[in-house]
Amino acid sequence: MQKFFHIVTYGCQMNVHESEKIAGILAELGYVSCEDISKADIVVFNTCCIRENAENHAFGNIGMLKKLKAEKRGIIIAVGGCLPQQMGKAANLHEKFPYVDIIFGTHNLHKLKDYVLLKEKQKKAVINIEDDNGIICEDDKPFRTSYPNAWVNITYGCNNFCSYCIVPYVRGRERSRKSENIINEVKELVGKGYKEITLLGQNVNSYGNGTDEISFPRLLEKIANIDGRFRLRFMTSHPKDFSEQLAKVMADNPKICHCLHLPVQSGSDVILKAMNRKYTSADYLEKIEILKKYVPDCAVTTDLIVGFPGETKEDFEATLNLVKKVDYSSAFTFVYSKRDGTVAAKMPNQIPEEVSKQRIMELVELVNSLTRKHSQHYVGKVVEILCEGYDEKKGLYLGRDEYGRMGYFESETDAIGQFVNLKIQKANGVSLMGERV
Ligand code: SAH
Ligand code: SF4
Ligand code: F3S
């Protein structure tokens, strides 16, 4: 009889891609993907714990599975990802949700096959978040669901220990894949018809550090030289490691998209220091200048945190000023969330919620006004977008241009996977509406 799996993903692109790896493992075990959770024989929650609300969200939804488990006793419920990988959380999850059958982490995702086979045989829950010595598994066969886009890991883990961040604790130390393996994976994907490749790592610029591997700019160059029509993106770049060499490579290789996600977090030097970001606002602006010297049309996006411990009104204003100066095309904005085990969690002067709320509202308003302004510049222009999907509700196809802007359009025929020229008629905040030309 056919067996079905259903995966729920929380968190970042890294997790989205890891869900594709989980799907690959389950497919190998004979399970078939299904949309309807109540039809599934195995449900996997791939969780995130970057902020408290991400964690609460996952906890709430795992709680709701109790009913499903009661109705369908044979169902296997598995919880993986960053949440169980936190110190003490796997035991905590098991205690709170005894009906969860498998608990695994980010370090041992590649062993999920063994855990499912074991669980199919035994009654007892399988709980394992073992470290496996930071092994890089090259055997996974991701079940990709995002054609024409494909994600490719280049590094795992993070060594930066930004004082607010849980990632180094749940993802382990930074390790780089062999360039040969990365290049072969991209070649294979391009050969299969994928049109956009995004290289993934917590800090892609430090690719190869501590090994005798090539540098990140050299890796990008090699990938950009692979034959075939495709776009190349990468994320995330840490400002401290962004180099002139990288800007040159971006300028010289047409396959590399002219957009850069360069998280600044704050515009205040006092806060940047307390965050352990290892650059000042002046250093950051200098990097932007270098980027624009080589790639003048580059769209820059960022991540911003408000309400970091000790953030004064002046610190916050410095953030607003920096945002205006850089003129970001868009940005992700977050309220600082205290994460147990991080350095910032023990800092005095945690900011009251009302103050953070006020600040985030002001920041979001500023970011939105910049985004709207950038979108308006598109009206009347022709842009090339890579069609990546169909929005059922809107009845429109959609895709992004090389700068990352989303464009919607009508099409009589299926356009997914095609490069399409759109004449932009209207800009709605972050997205564009155009006509195929
Ligand atoms: N490695 C990437 C992404 C890390 S997580 C980088 O360094 O940029 C994505 C974003 O979440 C971060 O850039 C940061 O803005 C935000 N973030 C991380 N920890 C946070 C916390 N404790 N509270 C609020 N935002 C946080
Ligand atoms: Fe977290 Fe900093 Fe590493 Fe990014 S670079 S994952 S923010 S510790
Ligand atoms: Fe990503 Fe969340 Fe983990 S942002 S690395 S899934 S904590």
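Modeller: I begin with helix α11 (residues 281-294) and helix α12 (residues 313-326), which pack at an angle of about 10° with their axes 11 Å apart. Because angles under 35 degrees count as roughly parallel, α11 is described as roughly parallel to α12. The axes are lines fitted to C-alpha atoms, for helices over the stretch in contact, and the angles run from 0 to 180 degrees between N-to-C directions. Helices are DSSP runs of H or I with at least four residues, strands are runs of E with at least two, and both are numbered from the N terminus.

On the α11 side the contact (heavy atoms within 4.5 Å) is made by S281, Y284, L285 and I288, and on the α12 side by L322, K325 and V326. These residues divide into five nonpolar, one polar and one charged, where Ala, Val, Leu, Ile, Met, Phe, Trp, Tyr, Cys and Pro count as nonpolar, Asp, Glu, Lys and Arg as charged, and the others, Gly among them, as polar.

Before going further, some conventions: this is a predicted model, in which local features need pLDDT of at least 70 and side-chain atom pairs count only at pLDDT 80 or more, while totals for chains, interfaces and linings use all residues. Residues are numbered from 1 along each chain as its sequence is written, chains are lettered from A and ligands numbered from 1 in the order in which they are written, and side-chain values use heavy atoms, with hydrogens and water left out.

Helix α12 also packs against helix α13 (residues 353-376), their axes coming within 10 Å and crossing at roughly 10°, so that α12 is roughly parallel to α13. Here K313, F316, T319, L320, V323 and K324 of α12 meet R359, E362, L363, L366, V367 and L370 of α13, and this contact comprises seven nonpolar, one polar and four charged residues.

Another pair is formed by helix α8 (residues 216-224) and α9, whose axes come within 9 Å and cross at roughly 10°, which makes α8 roughly parallel to α9. F216, P217, L220 and E221 of α8 make the contact with Q245, L246 and V249 of α9, and by class these are five nonpolar, one polar and one charged.

The loop between β11 (231-235) and α9 (244-252) holds T236, and the peptide bond from M235 to T236 is cis, with omega near 5°. A cis peptide bond also joins Y147 and P148, with omega about 10°, and P148 is found in the loop between β6 (126-128) and β7 (149-153).

F161 has a positive phi, near 50°, in a residue other than glycine, and its place is in the loop between β8 (155-156) and α6 (167-171). F161 is also one of the residues around ligand 2, together with C158, N160, C162, Y164, C165, V167, P168, Q202, H238 and R277, counting a residue when one of its heavy atoms lies within 4 Å of the molecule. That shell divides into seven nonpolar, three polar and one charged. Q202 is likewise listed around ligand 3, with C12, N15, C48, C49, I50, C82 and R171, a shell of five nonpolar, two polar and one charged residues.

Finally, the largest cavity holds about 200 Å³ of space, a cavity being a set of points, on a 1 Å grid over the protein atoms alone, where a 1.4 Å probe fits but cannot get out, with lining residues having an atom within 4 Å of a point. Of its 14 lining residues, the closest to its centre are E18, T106, H110, I135 and Y156, and the lining divides into five nonpolar, four polar and five charged.

How values were computed: Parallel < 35°, antiparallel > 145°, perpendicular 65-115°, else oblique. 1 Å grid on protein atoms, 1.4 Å probe; cavity = no way out; pocket = protein on both sides within 12 Å on 5 of 7 lines; lining within 4 Å. Points joined across faces, edges and corners; volume = space filled by probe spheres on them.
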